[in-house]
Amino acid sequence: MASTTPIDSPPPTRTHEAPEQRKTTSTGRAGDKVFLALSRGSGILLLVIMASIAAFLAYRASIAISQDEGNFLTTFDWNPAGDPPVFGIAVLLFGTVVSSLVAMVIAVPIAVGIALFISHYAPRRLAAPLAYVVDLLAAVPSIIYGIWGALFLVPYLEGLNLWLDAYFGWTYVFDKTEVGVARSLFTVGILLAIMILPIVTSVSREVFLQVPRMNEEAALALGATRWEVIRMSVLPFGRSGVISASMLGLGRALGETMAVATVLSPSFVISLHLLDPGGGTFAQNIAAKFDEANELGRDALIASGLVLFVLTLLVNGAARIIIARRKEYSGANA
């Protein structure tokens, strides 16, 4: 018996989704809304916490600065318990910036070199243990670095200081004018470089490993050497990541407390002779004087902490601007 359904008629279409499909779709949309709300709430909560910290620091700092008989930005002395109280951050700002810059100059090139060796030169059997050791060094507590620096680094740096004084004393920076152990800003910079080296290396290594394989193979196909591949493909791709890693390391160097307090011989004197004992940083001064300070002294230390807080924000903001410009530049040339 012939069928009454036309041969060319399309198959019946389903006008409604199955209950299971409707349930999955609605659940996915609800999940997206919940995730969006949580993400937005987390961002707002972070901003609220940062604003609360800034407001607290600013309030306590205003109390201290209003009673300061000296200039808070230019005074070299730190005596909030005196009569009258006189204190300033000139020495602390100088020591914090100089020791951090020394650490960056030493650590960043070495970290980039180690990251390139692990990611592009070392065989796999060697690269994996090296990467593990670098990541493990990043987890070492600051006080361990401080004890090692005080008991091992400081005594053995005296020879290096004498060598720098003998051959580079003409630069004024490495002119050693005082006799004493190597508890100087230069020693602090070396210790900070060792501390931030694993962080910069780990982040840079992960960035270099994300370079598209096709870019490297294309450069090799054109006859480039391994270094030319790194210079033309790897480094341009990872430049923004290296900047981010460097700023992350700089943030730790600026705020490092216990290691600096263990190694540095504090004094409120600004000297461009980096090999001479003395100097001071914000974090070291807060750790050394907070317990023995009176109420005004603690407010003064909080005021110095506010300066460090602002300095860290400026560093991170500058890093974000540099990275954003690099992305715009890369996008324009793409």
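**Exercises on a predicted model**

**Exercise 1.** Determine whether Tyr172 is buried, partly exposed or exposed, and describe its backbone and its place in the chain.

*Solution.* Tyr172 has a relative accessible area of 44%. Buried would require under 20% and exposed over 50%, so Tyr172 counts as partly exposed. This value, like the others below, comes from a predicted model. Next, consider the backbone: the phi of Tyr172 is positive, about 70°, although this residue is not a glycine. Most residues other than glycine have a negative phi. Finally, Tyr172 lies in the loop between helix 4 (142-168) and helix 5.

**Exercise 2.** State which kind of peptide bond joins Asp83 and Pro84, and locate Pro84.

*Solution.* The omega angle between Asp83 and Pro84 is about 5°, and the bond is cis. Most peptide bonds are trans. As for location, Pro84 belongs to the loop between strand 1 (78-79) and strand 2 (86-87).

**Exercise 3.** Classify the arrangement of helix 3 (residues 124-137) and helix 5 (residues 185-209), and describe their contact.

*Solution.* First, the two axes come within 8 Å and cross at roughly 135°. An angle over 145 would count as roughly antiparallel, and 65 to 115 as roughly perpendicular; helix 3 is therefore oblique to helix 5. Second, the crossing of helix 3 past helix 5 is left-handed. Third, helix 3 contributes Ala131, Val134, Asp135 and Leu137 to the contact, where they meet Pro198, Thr201, Ser202 and Arg205 of helix 5.

Key: Residues are numbered from 1 along each chain as its sequence is written. This is a predicted model: local features need pLDDT of at least 70, side-chain atom pairs count only at pLDDT 80 or more; totals for chains, interfaces and linings use all residues. Side-chain values use heavy atoms; hydrogens and water are left out. Axes are lines fitted to C-alpha atoms, for helices over the stretch in contact, and angles run from 0 to 180 degrees between N-to-C directions. Helices (H or I, at least four residues) and strands (E, at least two) are DSSP runs, numbered from the N terminus. Angles under 35 degrees count as roughly parallel, over 145 as roughly antiparallel, 65 to 115 as roughly perpendicular and the rest as oblique. A crossing is left-handed if the near helix is turned anticlockwise from the far one by less than a right angle, and right-handed if clockwise. Contact means heavy atoms within 4.5 Å. Buried means under 20% relative accessible area, exposed over 50%, partly exposed in between (1.4 Å probe, protein chains only).
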